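The sequence and structure are shown first.

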Amino acid sequence: MTTEMKASVLKNLDAVRAMIRRHKRNDMLFAMVGLVALMLGLLTLLTLFIDLVMDGYPRFNLQFFSDFPSRRAGSAGLLSAWVGSALVMLVTFLTAVPVGVAAGLYLEEYAPKNWFSDLIEINVSNLAGVPSIIYGLLALGLFVYGFNFGQSILTAGLTLGLLILPIVIVSTREAIRGIPVAIREAAYAVGATKWQVVSDHVVKYSQGGILTGVIIGMSRAIGETAPIITIGALTFIAFLPPSPISDVAPFINFQWLDSGFTVLPIQMFNWLSRPDHAFHINAAATGAIIIVVTLLMNGTAIYLRYKIRKNIKW
Amino acid sequence: MNKKLGMAVIIAAAFTSGYASAADKVIKIDGSSTVYPVTEAVAEEFQIATKNKVTVGESGTGSGFKKFCRGETDISNASRPIAQKEMDACKEAGIQFIELPIAFDALTVVVNSKNDWVKSLSVEELKKMWEPKSSVKNWKQVNAAYPDKALALFGPGTASGTFDYFTEAINGKSKASRTDYTPSEDDNVLVQGVSGNTGGLAYFGYAYYEENKDKLRAIPISAKAGSPAVMPSPEAVKDGTYQPLARPIFIYVNATSAAFKPEVKAFVNYYLEHAPTLVKEVKYVPLTTEDYAAVKEHFKALKPGTGFGGKNEVGIKVKDLINRIK
């Protein structure tokens with residue numbers, strides 16, 4: 001090897017090294033940009049949450065949860081609001097899950113692939129983007145006056161159920177799509193009918209995904225204010241709905257469905273608009289509580305998905 | 001699955017412990033968010049005292065009347081008198097109402113606490129600022145003695161009863177206002193707006209000023225240029241000198257409910273009985289003792305109708321109002 005050749009290799013080597021350095025720098029650069037983007041979202045939430053906690057911490061005690069609203073900020077509590085939220089969520093869950101899962105299953109398993117199915121598919125995705133107040137207006141006309149359900153827990157639950165329906169449908173379909181074709185074919189091969197395949201395999205394996213979708217939908221619904229205000233939720237209600245369980249046969253009653261109610265975001269909204277600053281502390285505490293509940297729900301969704309996935313071995 | 005069932009039982013059990021059944025009578029109230037604090041205070045005390053149930057909503061005076069005239073509520077809170085359209089709707093549904101003034105609110109004009117040039121404002125000056133198509137953009141344009149400082153106006157949204165009353169009292173016509181101001185349905189936003197802007201000016205209910213005295217300055221108002229300017233205060237409202245921005249606020253009681261539902265009757269009586277203390281507690285101005293007595297008599301007689309004839313009126317006396325309804 002001549003010295004010139006050696007020199008040119010070395011020169012090239014330097015060029016290659018420079019190129020590698022450049023690419024590594026780009027890698028780093030993108031990682032940094034990504035991190036900043038992530039932090040932007042996270043820090044905003046964190047700042048908001050810390051701010052709420054700092055404002056609201058004097059009210060974090062059991063009494064806050066067991067007191068009814070009051071004109072005195074110090075003795076005003078969340079009891080009717082959290083019970084209202086819980087009952088509304090119960091109705092939402094009971095309506096959105098069966099309807100959403102059935103619709104998702106149908107679209108994915110049974111619906112013929114033609115323009116009509118495509119149309120429905122597009123519309124389901126579109127529904128997910130409809131502003132929530134539109135659902136409130138629909139519910140006001142349909143449930144409150146059309147069906148005469150009144151401004152009740154039932155109406156609110158159904159409204160929020162409709163609101164999260166697209167989320168449940170889409171997540172059901174995603175979950176079903178994740179099931180390998182081989183599983184299906186194996187079931188068909190041993191002579192299972194379509195319904196047997198769906199009920200014994202498809203639904204079973206997609207549970208995790210469906211559940212995640214449902215919980216994420218519910219955690220959206222619990223913070224919704226606009227549609228609930230539109231249907232006419234109350235602000236001051238210092239008694240609880242009748243109990244769903246009674247001491248006489250048949251031990252269950254549905255009167256609570258018909259009861260007036262308020263929910264956490266509305267209570268917060270009301271306190272925030274008061275002149276008295278002591279109420280703003282209550283509002284901050286309520287805000288922090290809503291965020292914690294939402295985080296807990298989303299956390300549960302992630303945990304369940306992880307756990308259920310771990311148990312499934314294809 | 002068992003865990004889930006267990007959870008359900010626990011949640012269900014939380015609701016079981018002896019809460020009353022739906023057969024219980026509930027007094028339903030909705031309407032103005034301005035009147036809400038007063039009615040809420042009364043409802044709270046009434047429930048403790050009598051074990052009757054009361055629910056109060058705050059969907060606004062207009063929406064409140066809509067529900068009231070469909071017969072959905074027993075009582076409607078209102079920060080302005082019932083309008084002709086609403087009276088027609090009630091009439092069509094066969095619903096009669098009893099109009100009861102229950103307190104005063106003083107609309108308060110506030111400026112930033114650093115604003116040291118405004119000593120008082122007359123109705124004319126306010127009109128100059130707020131009238132439709134007003135071109136006033138600077139304090140200098142209001143009064144040549146004021147400094148050259150941009151004027152930033154804040155006020156309630158057009159759906160508010162406060163907006164209706166202020167425009168009626170200042171501009172002479174309900175809902176007639178310039179539109180290029182910063183509106184918000186949330187009075188705390190208005191407070192923030194003015195406290196953050198040296199040239200800011202806003203109007204809202206007295207209670208919001210009372211709670212934010214450290215950040216804002218209330219302006220004495222003179223009814224005419226040259227007449228003495230009056231600072232908003234409970235006393236000035238009571239003796240009728242704070243004009244034209246003191247307004248009565250009302251509850252409208254469904255006459256059928258008042259006559260045939262003993263709990264509604266009891267509630268209204270309790271309301272009028274305890275208004276003097278409770279109204280003061282939520283930072284509104286109570287009527288005079290004689291006025292409350294007159295209102296009580298009026299309710300006792302169950303006389304339906306309104307003293308306003310479907311129009312808002314500025315500076316009316318409670319006694320005259322009641323005497324109009326025969």
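## Helix packing in chain A

In this predicted model, helices α3(A) and α8 (residues 194–221) of chain A pack with their axes 10 Å apart, at an angle of about 135°. Because of that angle, α3(A) is oblique to α8(A). The crossing in which α3(A) passes α8(A) is right-handed. On the α3(A) side, the contact is made by Met89(A), Thr92(A), Phe93(A), Ala96(A), Val97(A), Val101(A), Leu105(A) and Glu109(A). Helix α8(A) contributes Val198(A), Val202(A), Ile210(A), Val214(A), Gly217(A), Met218(A) and Ala221(A). By class, the residues of this contact are 12 nonpolar, 2 polar and 1 charged.

A backbone feature of chain A is found at Asn148(A), which has a positive phi of about 60° although this residue is not a glycine. Asn148(A) belongs to the loop that lies between α5 (132–146) and α6 (153–177) of chain A.

## Helix packing in chain B

The contact of α12(B) with α13(B) comprises 7 nonpolar residues, no polar residues and 1 charged residue.

From α2(B), the contact involves Val38(B), Ala41(B), Val42(B), Glu45(B), Phe46(B) and Thr50(B). From α12(B), the residues are Ala266(B), Phe267(B), Tyr270(B), Tyr271(B), His274(B), Leu278(B), Val279(B) and Glu281(B). The residues of the contact of α2(B) with α12(B) divide into 10 nonpolar, 2 polar and 2 charged.

## Strand pairing and a cis peptide bond

| Strand pair | Bridges | Direction |
|---|---|---|
| β1(A) and β2(B) (residues 53–56) | 2 bridges | antiparallel |
| β6(B) (residues 152–155) and β8(B) (residues 200–205) | 3 bridges | parallel |
| β6(B) and β7(B) (residues 182–183) | 2 bridges | parallel |

Individual bridge partners can be named for each pair. Ile237(A) has Thr55(B) as its bridge partner in β2(B).

Elsewhere in chain B, Gln243(B) and Pro244(B) are joined by a cis peptide bond, with omega about 0°. Pro244(B) is in the loop between α10 (234–238) and β11 (246–254) of chain B.

## Domains

Chain A is divided into domain 1 (1–58) and domain 2 (60–311). The C-alpha centres of domain 1 of chain A and domain 2 of chain A are separated by 41 Å. In the contact of these domains, 7 residues of domain 1 of chain A meet 7 residues of domain 2 of chain A. The side of domain 1 of chain A that touches domain 2 of chain A has 5 nonpolar, 1 polar and 1 charged residues.

In chain B, domain 1 covers 25–104 + 247–324 and domain 2 covers 106–238. The C-alpha centres of domain 1 of chain B and domain 2 of chain B lie 28 Å apart. Their contact takes 16 residues from domain 1 of chain B and 17 residues from domain 2 of chain B. On the side of domain 1 of chain B that touches domain 2 of chain B, the classes are 5 nonpolar, 8 polar and 3 charged residues.

## Contact between the chains

Between the chains, 24 residues of chain A are in contact with 28 residues of chain B. On the chain A side, the elements that give two or more residues are α3 (79–110) and β1 (236–237) of chain A. That side of chain A has 12 nonpolar, 9 polar and 3 charged residues.

Technical notes
Residues numbered from 1 in each chain as written. Chains lettered and ligands numbered in written order. Predicted model: local features only at pLDDT ≥ 70, side-chain atom pairs only at ≥ 80, totals over all residues. Domains from an automatic or database assignment. Contact = placed C-beta atoms within 7 Å. Nonpolar A, V, L, I, M, F, W, Y, C, P; charged D, E, K, R; others polar. Helix = DSSP H or I, 4+ residues; strand = E, 2+ residues; numbered from the N terminus. Pairing = 2+ DSSP bridges. Axes fitted to C-alpha atoms, helices over the stretch in contact; angles between N-to-C directions. Parallel < 35°, antiparallel > 145°, perpendicular 65-115°, else oblique. Left-handed = near helix turned anticlockwise from the far one by under 90°.
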